[in-house]
Amino acid sequence: MSKQPNVAQLFNEQLEQMGFDARAEYMQRQFSNVMHELQGSILEALGVYDFGENPDGSLKEHLKSSYEDWLPPYSRRMRVVVTGAAGFVGSHLVDFLMKRGHSVVAIDNFSTGYHMNLLNWMDHKNFVLYTHDVRLPLKIEGAVDQIFHLAGSASLQDCMIDPTSILTTCFQGTMNMLELARNCNARFLLASSCGAYGFPLWHRNPQSENFLGSVKTFGRRACHDEGKRVAESLCYAYAKQHKVEVRIARIFNTFGPRMRIGDGRVIPIFILQCLRGECFTVIGDGNTSRSLMYISDLIDGLVELMLSDYTGGPMNFGKEEEYNLIEITEIVTKAVRKVRGDKFRPTKITFLPSRKDDPMMRNPDCALAREQLGWSTKVDIDQGMLETVEWFAAMEKENWLYDVEKEDDRR
Ligand SMILES: O=C(O)[C@H]1O[C@H](OP(=O)(O)OP(=O)(O)OC[C@H]2O[C@@H](n3ccc(=O)[nH]c3=O)[C@H](O)[C@@H]2O)[C@H](O)[C@@H](O)[C@@H]1O
């Protein structure tokens, strides 16, 4: 990575620019993060987290057993493997797990992820990073409790440039990680996708898990969509044949800080266009719609599913609200206006021709996650968009985004 942002400087500048309400909200968020960190530090000070490395301390053993009795499930220390850890979703999951004191083994080949996303943890004793392509077998020494398998690209750009890699990552990559789970006796969660439903049919919108899909093997998105379907089947084959405990999350469009610029996804593109005063490039007539879930809601869902006893099949995670592309430009504009203040300049729309195989709509039915996990999304779209725009604006200011874009061009 050629240039890293100066985080302290960035932080001070951002605080200065915020209005009173935004500053109060920000401090509140920081406070809750600090409380999580504090919980980890208290446990560590008590020695609860170190019992594995220092098995002979009787006081620690005593504290461990009495403490574990009243710890909520998240707080029991686990050793967790996260593949695709340097990516958008992976790095947020790593943050979640590390802040709660778990030990994380991060795996990434950095084809679409960035070291910067993991910078917070590089020197932490509970964190280890392996640069590894999941298409190759992987052995990890010591016990592993859980494997979150997130590695793989869902970008339409990547699907068009290198579909075979996407397919082999889905199939070979998932099989290798299932083998790891089998060898370690670890629970396995696959990050699947709404792509598994293929082209949503109007009378099947919103899509619930009992919609069996409308997928074709030769479309522009086939490598991703069919890849996820075969990956799901592999999970169930391993569950049946090798007794691996599997969980499958079908993830719908998600957004937030750290989205990859070169992905070709609509949210980073619209945000950057609006920040830079360029026209929004709306593909089609603007009626295409998507649901948009904020990243923290997804992370909560993935963790809840991993911890749950539910084994009945794949589970949807998404925001049960649909917005068309014009509405999305308005949501982005509102957030950019707040962040830019006086410097805001409105952006126009350029309409581009529709793309082949672009689903006209996408909206999840998340009744299953609600019933089984008590999960539902909490973050309002405007609030999530503001956080996302703040992140992109900060990165833009540091000129860091230009470096990433150049790096993406070279790939
Ligand atoms: O995250 C997901 O779940 C899905 O996201 C993307 O698929 P898509 O839903 O089409 O998401 P975007 O690429 O963000 O596009 C959303 C809509 O915005 C449109 N778009 C995109 C870019 C742009 O500049 N302008 C624009 O109007 C697209 O044509 C599409 O209709 C990936 O291509 C899927 O593989 C993945 O399953």
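**Close-up views of the predicted model**

Of the protein's 411 residues, 40% count as buried. The model shown is predicted. The protein has 13 helices and 13 strands. Among contacts between residues at least 6 apart in sequence, 79% join residues at least 24 apart.

**View A. The shell around the ligand.** The ligand has 23 residues around it, and those that come nearest are Ala-154, Leu-156, Arg-265, Val-266 and Ile-283. Two or more residues of the shell come from each of the elements α8 (266-275) and β8 (280-283). The element that gives the most is β8, with three residues. By class, the shell around the ligand holds nine nonpolar, eight polar and six charged residues.

**View B. Helix α8 against helix α10.** The axes of α8 and α10 come within 10 Å of each other and cross at roughly 50°. The two helices α8 and α10 are therefore oblique to each other. The crossing in which α8 passes α10 is right-handed. On the α8 side the contact is made by Val-266, Phe-270, Ile-271, Cys-274 and Leu-275. On the α10 side it is made by Ile-328, Thr-329, Val-332, Thr-333 and Val-336. The contact of α8 with α10 has eight nonpolar residues, two polar and no charged. Val-266 of α8, part of this contact, is also one of the residues that come nearest to the ligand in View A.

**View C. Helix α10 against helix α12.** Helix α10 (residues 325-340) and helix α12 (residues 381-397) have axes that come within 9 Å and cross at roughly 55°. The pair α10 and α12 is therefore oblique. The crossing of these helices, α10 and α12, is right-handed. From α10, the contact takes in Ile-331, Val-332, Lys-334, Ala-335, Val-336, Lys-338 and Val-339. From α12, the contributors are Ile-381, Asp-382, Met-385, Leu-386, Val-389, Glu-390 and Ala-393. Ten residues of the contact of α10 with α12 are nonpolar, none is polar and four are charged.

**View D. Helix α4 against helix α9.** Helix α4 (residues 88-99) packs on helix α9 (residues 295-307) at an angle of about 65°, and their axes are 10 Å apart. That angle makes α4 roughly perpendicular to α9. The crossing of α4 past α9 is right-handed. Helix α4 contributes Val-89, His-92, Leu-93 and Phe-96 to the contact. Helix α9 contributes Ile-295, Leu-298, Ile-299, Leu-302 and Val-303. Eight residues of the contact of α4 with α9 are nonpolar, one is polar and none is charged.

**View E. Lys-356 in its loop.** Lys-356 lies in the loop between β13 (349-352) and α11 (367-373). With 8 other C-beta atoms within 10 Å, Lys-356 is exposed, because a residue counts as exposed if that number is 12 or fewer. Arg-221 is 135 residues away from Lys-356 in sequence, and the C-alpha to C-alpha distance between Lys-356 and Arg-221 is 9.8 Å.

Note on methods: Residues numbered from 1 in each chain as written. Predicted model: local features only at pLDDT ≥ 70, side-chain atom pairs only at ≥ 80, totals over all residues. Helix = DSSP H or I, 4+ residues; strand = E, 2+ residues; numbered from the N terminus. Buried ≥ 20, exposed ≤ 12 C-beta atoms within 10 Å, placed from the backbone. Contact = placed C-beta atoms within 7 Å. Near = placed C-beta within 6 Å. Nonpolar A, V, L, I, M, F, W, Y, C, P; charged D, E, K, R; others polar. Axes fitted to C-alpha atoms, helices over the stretch in contact; angles between N-to-C directions. Parallel < 35°, antiparallel > 145°, perpendicular 65-115°, else oblique. Left-handed = near helix turned anticlockwise from the far one by under 90°.
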